[in-house]
Amino acid sequence: MIIFENVSKLYSENRKAVDALNLHIHTGEFFVLIGPSGCGKTTTLKMINRLIEVSHGSISINGKNIYDYNIHELRWNIGYVLQQIALFPHMTVGENIAVVPELKKCGKAEVQKRVDELLEMVGLEPKVYRDRKPKELSGGQQQRIGVARAMAADPGIILMDEPFSALDPISREKLQDDILYLQKTIKKTIVFVTHDMKEALKIADRVCMMKDGAVVQVGKPEDIVQNPASDFVRDFVGVHGSAEDAFQLERLMTPTLSEERSLSGSPVSVSASLQETLSKLACHDQLSVERNGTIIGQIDRKAVIRFLAERGGVHG
Ligand code: ADP
Ligand code: MG
């Protein structure tokens with residue numbers, strides 16, 4: 001658990017880049033910080049591993065103040081992935097991963113084994129990629145090396161600062177899928193920064209929306225979409241007319257084979273609008289779908305959120 005208590009950062013005396021932040025980030029959670037450029041996301045992230053000093057307040061990890069950890073111990077337990085990984089051009093992929101200090105103390109065979117394990121973890125076949133040079137990799141593959149390197153010491157926490165934002169949309173989506181899968185499998189705590197709402201809604205367990213150094217809203221993706229806390233949030237995730245127009249409940253539902261299977265909560269009509277469906281799903285993960293009084297399927301809240309994220313029904 002990472003806890004921020006009244007954390008502020010002042011780069012100069014009279015301006016707070018981060019202003020009295022209070023956050024509880026749970027162990028194993030995919031936590032996404034989002035907000036416009038300059039709102040304090042990177043500062044917030046870098047205070048966790050002490051790349052930036054906290055001015056006021058305190059940050060603790062698993063009950064211990066970050067300033068009470070030995071700095072090396074702290075950094076070993078925190079992986080860090082940047083927007084663009086800097087790979088050594090003259091070294092192979094394997095050597096680039098093995099350069100991590102944590103691997104230095106291991107024997108050669110052990111390092112090799114760990115490098116292969118890490119490559120596999122990030123979806124790059126070791127035999128194919130281990131001996132390549134960085135210039136023989138695509139941008140997406142290079143970012144995968146960045147993720148592998150961040151995981152080399154098997155840290156409990158990984159910080160990611162807009163790690164996919166320099167990638168083309170297809171590589172980006174692929175990496176989002178893979179990091180999501182990876183996080184569910186290895187159960188790391190991930191604090192992920194983005195300014196792309198589509199990305200946030202897709203990958204986050206919880207989203208933290210920031211503005212001018214302060215938190216505006218923290219919640220599950222569906223909370224943010226359904227109950228934006230202010231006009232600012234509403235604008236950021238604004239459900240556009242185009243998403244409403246394209247919405248067809250029938251295409252998102254799972255058809256029910258047996259008519260007897262009815263879920264709690266009153267059924268939603270198959271002809272319901274996006275807004276109506278979202279508001280009915282506010283208190284239920286799933287609802288039955290009816291046509292002319294007959295239950296024909298069920299709709300999952302996640303499916304509607306996914307539709308919004310994929311349709312570009314939100315800004316990003
Ligand atoms: P974000 O990552 O959300 O774009 P940052 O955390 O990088 O925002 O920056 C927050 C604010 O702090 C911005 O106004 C930025 O100009 C300022 N800032 C960031 N780093 C420094 C620095 N090293 N010195 C002075 N001001 C900074
Ligand atoms: Mg930033």
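Start at helix α1, which contributes three residues to the shell around ligand 1, the most of any element. As you look around, keep in mind that this is a predicted model.

**Stop 1: the ligand shell.** Select ligand 1 and display its surroundings: Tyr 11, Arg 15, Ala 17, Pro 36, Ser 37, Gly 38, Cys 39, Gly 40, Lys 41, Thr 42 and Thr 43. Sorted by class, this shell has four nonpolar, five polar and two charged residues.

Stop 2: Now show the side chain of Lys 41, where an N or O atom sits 2.9 Å from an oxygen of ligand 1. Then pick Arg 15, whose side chain places an N or O atom 3.4 Å from an oxygen of ligand 1. How much of ligand 1 does the protein bury? On its own, ligand 1 exposes 560 Å², and the protein buries 58% of that. To see which elements take part, color β2 (15-25) and α1 (41-48), the elements that give two or more residues to the shell.

Stop 3: Select Glu 29 and Arg 206, a pair whose closest N and O atoms are 2.5 Å apart. Glu 29 is in the loop between β2 and β3 (30-34), while Arg 206 is in strand β9 (residues 206-211), so this pair links distant parts of the chain, 177 residues apart. Is Glu 29 buried or exposed? Its relative accessibility is 6%, so Glu 29 counts as buried.

**Stop 4: a buried pair.** Select Asp 196 and Arg 172 next; in this salt bridge the closest N and O atoms are 3.3 Å apart. Asp 196 is in the loop between β8 (189-194) and α9 (197-203), and Arg 172 is in helix α8 (residues 169-186), so the bridge ties together parts 24 residues apart in sequence. Asp 196 is buried at 11% relative accessible area, and Arg 172 is buried too, at 14%.

**Stop 5: toward the surface.** Move on to Lys 211 and Asp 212, a salt bridge with its closest N and O atoms 3.6 Å apart. Here Lys 211 is partly exposed, with a relative accessible area of 35%, and Asp 212 is exposed, at 58%.

**Last stop: a network.** Finally, select Asp 116, Arg 130 and Asp 131, which are joined into one network by salt bridges that share partners.

How values were computed:
Residues are numbered from 1 along each chain as its sequence is written. Chains are lettered from A and ligands numbered from 1 in the order in which they are written. This is a predicted model: local features need pLDDT of at least 70, side-chain atom pairs count only at pLDDT 80 or more; totals for chains, interfaces and linings use all residues. Side-chain values use heavy atoms; hydrogens and water are left out. A residue is near a molecule or strand if one of its heavy atoms lies within 4 Å of it. A polar contact is a pair of N or O atoms within 3.5 Å; within protein, one must be able to donate a hydrogen and the other to accept it, and residues adjacent in sequence count only if both atoms are side-chain atoms. Accessible areas come from the Shrake-Rupley method with a 1.4 Å probe; for residues, only the protein chains shown count as cover. Helices (H or I, at least four residues) and strands (E, at least two) are DSSP runs, numbered from the N terminus. Ala, Val, Leu, Ile, Met, Phe, Trp, Tyr, Cys and Pro count as nonpolar, Asp, Glu, Lys and Arg as charged, and the others, Gly among them, as polar. A salt bridge is a side-chain nitrogen of Lys or Arg within 4 Å of a carboxyl oxygen of Asp or Glu. Buried means under 20% relative accessible area, exposed over 50%, partly exposed in between (1.4 Å probe, protein chains only).
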